[in-house]
Amino acid sequence: MNDVIIVGGGPVGLLLAGELRLAGADPLVLESADGSVRRNRSFGLRGINGRTSQSLRLRGLTEAFSKAQGEMSGLARQLNGSRSRGHFAGLPLVEDEVPQGAAGGYILKQHVLEKVLAEWAAGLGVRIQAGREVVDVVQEDDAVRAVLADGRFERAAYLVGCDGGRSVVRKRAGIAFPGTDPTMTGRIASAELADPGAVKSSMHGPGGMVNLSLVPGEIATMEFDGGPDDRDAPLTAEEMRASIGRVSGIDVTVSRLDGGIRFSDNTRQAATYRQGRVLLAGDAAHVHSPIGGQGLNLGLQDAMNLGWKLGLVVRGGAPESLLDTYSAERHPVGERVLRNTRAQVALMRPGPQVAALREVMEETLGIPAAKRYFIAMGNGTDIDYAPDSVHPLVGRFAPVPLVSEDGHALLAEDAGSVFLVRPDGYVAWAAPDGEKAGLDEALARVTGHVYKVKRVFKM
């Protein structure tokens, strides 16, 4: 029997698999598609924000991702090296001075991101099996069974659904997925116009907007029309032509279209991230508008939070109740992202009232403290898992750059404080240097019965 089955071999599933392996578990990744199908789905750029970059640095993956940037276009590389910390509803968030030690982000195509994570996970010994579609999940007393499309099945102590917004795992586990229906339709296409100069880089009209993507040869539109009728139907040149015309008022000819995708602001969140031996991460747990680029990062942070906890439980180092802290910590973070993505969609609607609101918002972002607030929110650097803690470091990400390629917890010292860093980079315990009260209990919670911790020299 497997330790853990991960359903879905996208970025979230791959990162989770690697984290589990570092924690001493033996995960099996089941991916329904083959590699070529996953690559064909990759449109647009995927932004890796500040907090996720810190997590990747923690695992020693900075060099691999920096190298992957070499595959990107010149504009994307330029953005990777800028002071941009993203945007809020299209309003840029650029820091005048980047704090010392802050992790820079990455901008990558999704298949490039997946390649880096797949190579890392495989190097750790993770088993990844493509072309194995899971159609049902059955919980048993001491295991969970993943039923495959070919009638066979795999069993494991636990199963994690990383299988996207239409998650079979979530549905078969009976986990509710409440939220709001879509109000807009976005389209991204790899396309070429007969007159490339007819459409400017960004144009707003009474029905929406059209943008030339950062990726050369890609065009994006957004219409506030209640959502797409059929997201799975092939995107055609005629559909893209009509959409560009509706939002820009310009009649164009799409001379080439090599494929595209539709998206919406369908916004939902799983009622819980854990139901017995079944857990959810990534889009299986939450979906929302992609505006602001937070969805991927939200899912990757789910994986970082869950990996060490599930690994500890699987190897008998912690009680099952530790898994309840996964939903307790990550569900509120997801709620906050859903709130701010809804707000961003509202700020991008056409009309004079919204235009006035955007002007006010732009003025607000000119206030340094307000800009820092939105940068922290969009980059996930404001997360605090223990807001009621007496010590200000507890529950926050480690305040100094650290590396733990083997996934061990770290005991570090800095500026007169000593603190215990969980395997996901968050501080579990802290005290003035020389004080040890509560450290043994914190070590047991984070590392299990056998302490697995490294001491970092004084920074």
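What follows goes through strands, a helix, the cores and a few single residues.

Tutor: First, this is a predicted model, where local features need pLDDT of at least 70, side-chain atom pairs count only at pLDDT 80 or more, and totals for chains, interfaces and linings use all residues. Residues are numbered from 1 along each chain as its sequence is written, and side-chain values use heavy atoms, with hydrogens and water left out.

Student: OK. Is strand S10 enclosed or open, and how many of its residues are buried?

Tutor: Of the 9 residues in S10 (residues 153-161), 7 are buried, so the strand is largely enclosed by the rest of the structure. Buried means under 20% relative accessible area, exposed over 50%, and partly exposed in between, with a 1.4 Å probe and protein chains only. Strands are DSSP runs of E with at least two residues, helices are runs of H or I with at least four, and both are numbered from the N terminus.

Student: Which strand pairs with S10 in the parallel sense over 5 bridges?

Tutor: That is strand S1 (residues 2-7). Two strands count as paired if DSSP finds at least two bridges between them. In this pairing, Val 7 is opposite Gly 161 of S10. Strand S19 (residues 278-280) also runs parallel to S10, joined by 3 bridges, and there Val 160 has Leu 279 as its bridge partner.

Student: And what about S9 and S10, parallel or antiparallel?

Tutor: Antiparallel, over 4 bridges, with S9 covering residues 144-148. Ala 146 sits opposite Glu 154 in S10. The two strands form a hairpin with 4 residues between them, and Gly 151 in the turn has a positive phi of about 95°.

Student: What joins S13 to S14?

Tutor: A hairpin, through 2 residues. S13 (residues 202-205) and S14 (residues 208-212) pair in the antiparallel sense over 4 bridges, with Gly 205 opposite Gly 208. S14 also pairs with strand S15 (residues 218-223), again in the antiparallel sense, over 5 bridges. Asn 211 has Ala 220 in S15 as its bridge partner.

Student: Which residues of H6 are buried?

Tutor: Gln 110, His 111, Val 112, Leu 113, Glu 114, Val 116, Leu 117, Trp 120 and Ala 121. Just after the helix, Gly 125 takes a positive phi of about 95°.

Student: How many residues are in the largest nonpolar core?

Tutor: It has 88 residues, and Phe 65, Leu 117, Val 160 and Leu 420 have the most contacts inside it. Helix H9 (residues 295-314) gives the most to this core, with 9 residues. A nonpolar core here is a set of buried Ala, Val, Leu, Ile, Met, Phe, Trp, Tyr and Cys residues joined through side-chain atoms within 4.5 Å. A second, separate core of 20 residues includes Phe 88, Ala 89, Leu 347 and Met 361.

Student: What does Phe 65 touch?

Tutor: Leaving out residues up to four places away in sequence, Phe 65 touches Leu 56, Tyr 106, Leu 108, Leu 113, Val 116 and Leu 117. Contact means heavy atoms within 4.5 Å.

Student: Where is Ala 89?

Tutor: In the loop between strand S4 (84-88) and strand S5 (91-94). Ala 89 counts as buried because its relative accessible area is 1%. Its phi is near 55°, a positive value in a residue other than glycine. Most residues other than glycine have a negative phi.

Student: Then Ala 415, buried or exposed?

Tutor: Exposed, because its relative accessibility is 72%. Ala 415 is in the loop between strand S21 (409-414) and strand S22 (417-421), and has a positive phi of about 50° although it is not a glycine.

Student: Last one. Which helix holds His 331?

Tutor: H10 (residues 324-347). His 331 is buried, at a relative accessible area of 14%. Not counting residues up to four places away in sequence, His 331 touches Gln 269, Ala 270, Ala 271, Tyr 273 and Tyr 326.
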